[in-house]
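Colleague: I am new to this structure. Could you take me through some of the labels used for it?

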Amino acid sequence: LMNHSHVLGRLTLALCLLLTGCGQRAAAVPTPTPAASATASPPGAAPAGDAPEAEASSLNWLPYAPSEFAAVAGAEGLGDAAAFAPAGDICPLPDQAGVEGQANGEGFYRFIAREDGAANLCYLDFSSAQEVMLCSQPNCAHADESCPAWFPSLVGVNQAFPVGDALIILHGGNPSYASSLGEEALARIEVANLDGSGRRQVFRFPANVQVTTLPRGGYAQDGENLYFVATTTTAASTTRTLCALHAPSGTLYALYDLPEAEEKILGGVGTKLVLSYSPGAYDLSNSAADLQTVVACLDLSNHTLAALFSYPYVSVGGIAGEDFVVLTSEGTLCRYSLVTGKLTGEMPVALPAGFDPQNMHGNGLFDGKLLAHSFAVSSDGPSALHYCAVDLQTGAAQELDATYEGVWGGGRQPATIAAETADALLIACGQRAVESTLPSGERIGYYPFQYALVPKTDFWQNRAALTPIEWPN
């Protein structure tokens, strides 16, 4: 799902570019027999419903294995990118503010920081509505390496992805903590069974590589592979690489060099990967109102990229089956085909009073509805939160009452949906504050969510009881 806090996201992106010298791109190292060059995409906008005209010099989408990703001792190393193929249909995974974990049909996995600087991997079971440490050892304190749910640190991006029969644990890394945490500050990948047992490290990245997150990044999976983006930083340049981790073998594939245009994995259509990028988004001299986001389809079988359509940057949307649905800043719900790239429908949306589509943030697509929220800024009081759901078929919008009092930053926050089952929604309904002390003595504040599992009908009818599930211990 696209989920931009547009001003903050662009400021964060611009700062990253300034600090890393992102005005230049590191040269890709091609494979000995590189695939044919992909169809390129435009630096500018295209009329709604039309695929942007190709421009051969705008992208470099050749499979390659960067030397910076050289395997370390004990790692299985890189697979042959030219031989990579998806295992099945590619599905989107959450990568949005307000969601800190990943789910399959049975439960939800997330990390929770400890006060001693470490962290525990937890599992929230949908059938019992209970959250526990991902550990089956009796009388375990979950406080050291003897526990499979214990991890020595939580710096950087840390998520556990249930992919097929495996759990892929992605540690994003943060080299600024290398002096106090050593190798634990480096980005790395582990694979385990879904119950947390059999955990093993399959790859460790060098110190100048981190897993990319908002506003860039994004995740997807196809039943065996997890797709994500890794960023390599040098003194002169920054390169983002589309990667795939094959869970059954533990093999990492470094697939493509991405453009420098706020690129993001959106999900897939069939076995093709769907990505977006926003040319000029990092340049704050450009008005957000003048920018466009381009959606493109990457065919991993023949290494070609086809730009499908573009839409206004200040919009929220996501994948719904073989379509991409967008709510624009003008309050119009647009539907595009991810197969043909054509605009197949649009309808005006009567948004709730006070909802500001010029300053909205996406909260996901669930149960046939697109969720978004906005804050109406008042000169004589705090910002007023407006949270709404738009029906994808009718365009009808309803205000949602499900909010909670935030801990970090304060104020009312939308009760974000973290996962769904056939008849229930997992809702973030509160936060806790955890002050974690690293071995160096540095203190870091974490604000993990409290969750409630509520029936879908109750949530949509604004009568859900947001009773937090008991905290794991």
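Modeller: At 32% relative accessibility, A129 counts as partly exposed, because that label covers values between buried (under 20% relative accessible area) and exposed (over 50%), with a 1.4 Å probe and protein chains only. The model is predicted: local features need pLDDT of at least 70, side-chain atom pairs count only at pLDDT 80 or more, and totals for chains, interfaces and linings use all residues. Residues are numbered from 1 along each chain as its sequence is written, and side-chain values use heavy atoms, leaving out hydrogens and water.

Colleague: What makes the phi of A129 worth a remark?

Modeller: Its phi is near 55°, a positive value in a residue other than glycine. Most residues other than glycine have a negative phi. H142 also has a positive phi, of about 55°, and is not a glycine.

Colleague: How do you know that the side chain of Q431 makes a polar contact with Y447?

Modeller: The side chain of Q431 reaches the backbone oxygen of Y447 at 3.3 Å. A polar contact is a pair of N or O atoms within 3.5 Å; within protein, one must be able to donate a hydrogen and the other to accept it, and residues adjacent in sequence count only if both atoms are side-chain atoms. The 3.3 Å distance is within that limit, so the pair qualifies.
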